[in-house]
Amino acid sequence: MAFIRKRRIWWESVPEATSYVVYVSQDRSKFDPNHFSWEGTPGILSKQVTGKTELIVPDEWSEFPAEMGTYYIGITSKDEVGNQSDPFLSSGPFKFLPPPPPPKGGIESL
């Protein structure tokens with residue numbers, strides 16, 4: 001089995017929050033106020049997180065995109081009645097597929 005390096009997405013806690021929602025998209029414009037509709041935004045995947053302020057991908061979010069690329073991560077705070085903040089936005093390169101093994105090799109006596 002290949003070794004796939006995991007990524008930790010983290011954020012600081014908000015005292016009023018009972019949970020957080022983490023969003024991901026390759027399209028930065030999806031987070032613009034005129035387009036962003038929280039969980040209803042087309043082209044964005046989301047995951048609710050309760051009881052912690054981090055998410056290990058891909059282990060804790062199997063639906064996180066596997067394609068290599070730069071992804072924009074939005075994190076919102078959610079209160080007990082479902083109100084949700086604007087997203088805190090960050091981005092980074094993600095790649096969860098290993099390179100191929102060497103095509104040839106061997107052991108020789110010298």
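**Close-up 1. Aspartate 32, partly exposed at a relative accessible area of 28%, in a salt bridge with arginine 28.** The view is taken from a predicted model. The N to O distance between the side chains of arginine 28 and aspartate 32 is 3.2 Å, and this pair counts as a salt bridge because a side-chain nitrogen of Arg lies within 4 Å of a carboxyl oxygen of Asp. Arginine 28 is likewise partly exposed, its relative accessible area being 39%.

**Close-up 2. The salt bridge between glutamate 39 and lysine 78.** These two side chains meet at 3.6 Å, N to O. Glutamate 39 sits in the loop between β2 (19-25) and β3 (45-49), whereas lysine 78 belongs to strand β5 (residues 69-78), so the contact ties together parts that are 39 residues apart in sequence. Glutamate 39 has a relative accessible area of 41% and is partly exposed. Lysine 78, at 16% relative accessibility, counts as buried, because the limit for that class is under 20%.

**Close-up 3. Glutamate 60 and lysine 52 joined by a salt bridge.** The side chains of this pair meet with an N to O distance of 2.9 Å. Glutamate 60 is partly exposed at 30% relative accessibility. Lysine 52 is also partly exposed, with a relative accessible area of 33%.

**Context for the close-ups.** Side chains of opposite charge can pair when their charged atoms come close. Five salt bridges are found when the whole structure is searched; among them are arginine 28 with aspartate 32, glutamate 39 with lysine 78, and glutamate 60 with lysine 52.

Definitions and conventions:
Residues are numbered from 1 along each chain as its sequence is written. This is a predicted model: local features need pLDDT of at least 70, side-chain atom pairs count only at pLDDT 80 or more; totals for chains, interfaces and linings use all residues. Side-chain values use heavy atoms; hydrogens and water are left out. Buried means under 20% relative accessible area, exposed over 50%, partly exposed in between (1.4 Å probe, protein chains only). Helices (H or I, at least four residues) and strands (E, at least two) are DSSP runs, numbered from the N terminus.
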